[in-house]
Amino acid sequence: MNKTVHAAPQNAVFAATASPGAAVATRTDVESPASGSNFLRGIVAEDNAKGTYGGRVVTRFPPEPNGYLHFGHAKSIVLNFGLAAENGGTCHLRFDDTNPLKEGVEYEDSIAASVRWLGYDWGTHRYHASDYYDVLYAFAEWFVMQRLAYVDSQSPQELRASRGTLTQAGVAGPYRDRSVAENLDLLRRMRAGEFADGAHVLRLRIDMASPNLNLRDPVIYRIRHARHHRTGDRWCIYPLYDYTHCISDALERVTHSICTLEFQDHRPLYDWIIGKLADGGRLDRPLPHQYEFARLNLTYVVLSKRKLIQLVTEGHVDGWDDPRMPTLVGARRRGFTPAGFRGFAERIGVSKSDSWIEMSVLEDAMREDLNAHAVRRMAVLDPIRLVIDNYPDGASEECLAPNHPQKPELGRRALPLTRELWIERDDFAETPPKGYFRLSPGTEVRLRYAYVVRCTSFEKDAAGNVAVVHCTYDPATRSGTPGADARKVKGNIHWLSVAHAVKAEVCLYDRLFRVPFPGARDAHGTSGETSGSAVPQPHHAVANAGEDDEALEDRERSFLDDLNPDSKRVIGAYVEPALAAAQPEERFQFERNGYFVADLVDHAAGRPVFNRTVTLRDSWARTPAP
């Protein structure tokens, strides 16, 4: 299906019109929230004005320590830590470590480092769900004694069948009316390790006919004989997230518990659990309140944990910190900045409507920060030799270039000029097209910060490629002298001295996927890339970038089909001498080429490695769909 799509404004998003929890969303072009739009700020301000929590503002960021954080987590981190900071409050870092089969210290360390890298600190408020295992279990026994929980011995298949559907009520199982004594005995024996995995579960007794499936006697404990990375073998039953996180919030005296929209239908269960415990004198009021916001859905990436694991394990990328990955460790190696992420979060705002954000918005936020702070350097990425025939052989001189054109206080650095220089291959054309203002036979350009030169001839190698360009220079046109303005030329190219340039490895990174919605299929069964549109066709099978919905994905093509074969290109280049002293993670603008960073892992003295962060301008805006 063909359709005309107009260029989106800088902050354009693609809005999802389906209700929360819907598997498939239809999207149309809409404008994004105004910069800084954040409905949660109003809620916090109102609570502070009413004295709901006595002026306290406590939020939390509760990741599972079973993977690396991605761009979506960055939005949540900025939101939670930012709201607390704006109101003189605190944000807790709490690891939801309730699944011992998948969690580990490696992930905890990486998560903590990423949060700190983004510019936030939790102070003394670093917690784990496992800190509360004793309390959570004590509360579980209390629920049993209040006849609000029971041990169910049905098989997993029977549990699923009795839960019902969205249109059919659930059915009470045969163990729902066990006595308090029997339930308490079974629960204690579950904890003692008498039963195998899956033999029993502990369920809350709420309402099997509730229209909200989350209230149909949800499971809150399951048996899992597995060693936990913090508690060892002390426990063989583990609480589930819906039970754990609301109680953890209340125990930590969190005020505003901020979740993504998929937890909206879980809020009644959140309120039920802590409300019952407060009514029973087990928790203090006022209780935390859960609020939901739209998660980050970003074009040209996948944020599904399963898909990210597949990319790594199948070798499509070079690990979790590959600079093409949408992980924070990958973004750091790519040269993305914490301030860029914070600016991006402020641009897209916080709303309750699912939407798609163009990758260009994130990239532009990075350009804005890098333009303001990255010092300028020169690098020639695709070199050919330029010989100034009338420049004295063996002579050299220093040309002064600003470290930052908008920050004179950063000073200038010296660039050695000699008879033989490196220039970019595309800065010379044997037969120039219309509007080409760089070097070609008989034309003049200015060597940046140096002289005006005129091309006189060129040489080709055996393969017929231009290898050497010859020119002459006008000594009266040196930049910074009165004669510099005497000769007006339109072209201005960068260069490096052959004798002084430093050889470097440069990794030219680009978007990992070549289409906005990797693997998407439209209603007609054709690939999402065929329309030439950045907007997916109605009913294609992408609902949320972070979802692992197998039924939804059955209607997709393989997302691997849309990998961009040009997402990484490693070249040998030349950089100016000052870059020999660059430190890992130091960022630069390579003049006329883009923003680059000294690689955090591979860059070293004597072996410089630079990664391209973003180009100077959005090269994808004018790129037709494949």
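## A buried loop residue

Asp217 is buried, with a relative accessible area of 1%; buried means under 20% relative accessible area, exposed over 50% and partly exposed in between, with a 1.4 Å probe and protein chains only. The residue lies in the loop between strand 7 (201-204) and strand 8 (219-223), and it has a positive phi of about 45 degrees although it is not a glycine. Helices (H or I, at least four residues) and strands (E, at least two) are DSSP runs, numbered from the N terminus.

## Basis of the model

This is a predicted model, in which local features need pLDDT of at least 70 and side-chain atom pairs count only at pLDDT 80 or more, while totals for chains, interfaces and linings use all residues. Residues are numbered from 1 along each chain as its sequence is written, and side-chain values use heavy atoms, with hydrogens and water left out.

## Other backbone features

Most residues other than glycine have a negative phi, and most peptide bonds are trans. Glu585, in the loop between strand 26 (568-575) and strand 27 (587-590), has a positive phi near 75 degrees. Glu585 counts as buried at 17% relative accessibility.

The peptide bond from Arg285 to Pro286 is cis, with omega near 0 degrees. Pro286 is placed in the loop between helix 8 (267-279) and strand 11.

## Strands and sheets

Strand 10 (residues 256-260) has 5 of its 5 residues buried, so it is largely enclosed by the rest of the structure. His256, Ile258 and Thr260 point one way from this strand, and Ser257 and Cys259 point the other way. Strand 10 runs parallel to strand 11 (residues 289-293), joined to it by 5 bridges; two strands pair if DSSP finds at least two bridges between them. Ile258 has Tyr291 as its bridge partner in strand 11.

Elsewhere, 7 strands form an open sheet of mixed pairing, in the order 23-20-21-22-16-19-24. Its edge strands, each pairing on one side only, are strand 23 (492-493) and strand 24 (496-497). Strand 21 (residues 452-460) and strand 22 (residues 466-473) are antiparallel, with 7 bridges, and Phe458 stands opposite Val469 in strand 22.

## Contact between two helices

Helix 4 (residues 133-145) and helix 7 (residues 241-251) pack at an angle of about 110 degrees, with their axes 11 Å apart. Axes are lines fitted to C-alpha atoms, for helices over the stretch in contact, and angles run from 0 to 180 degrees between N-to-C directions. In contact (heavy atoms within 4.5 Å), Val135, Leu136, Phe139, Ala140 and Phe143 in helix 4 meet Tyr243, Thr244, Ile247 and Leu251 in helix 7.
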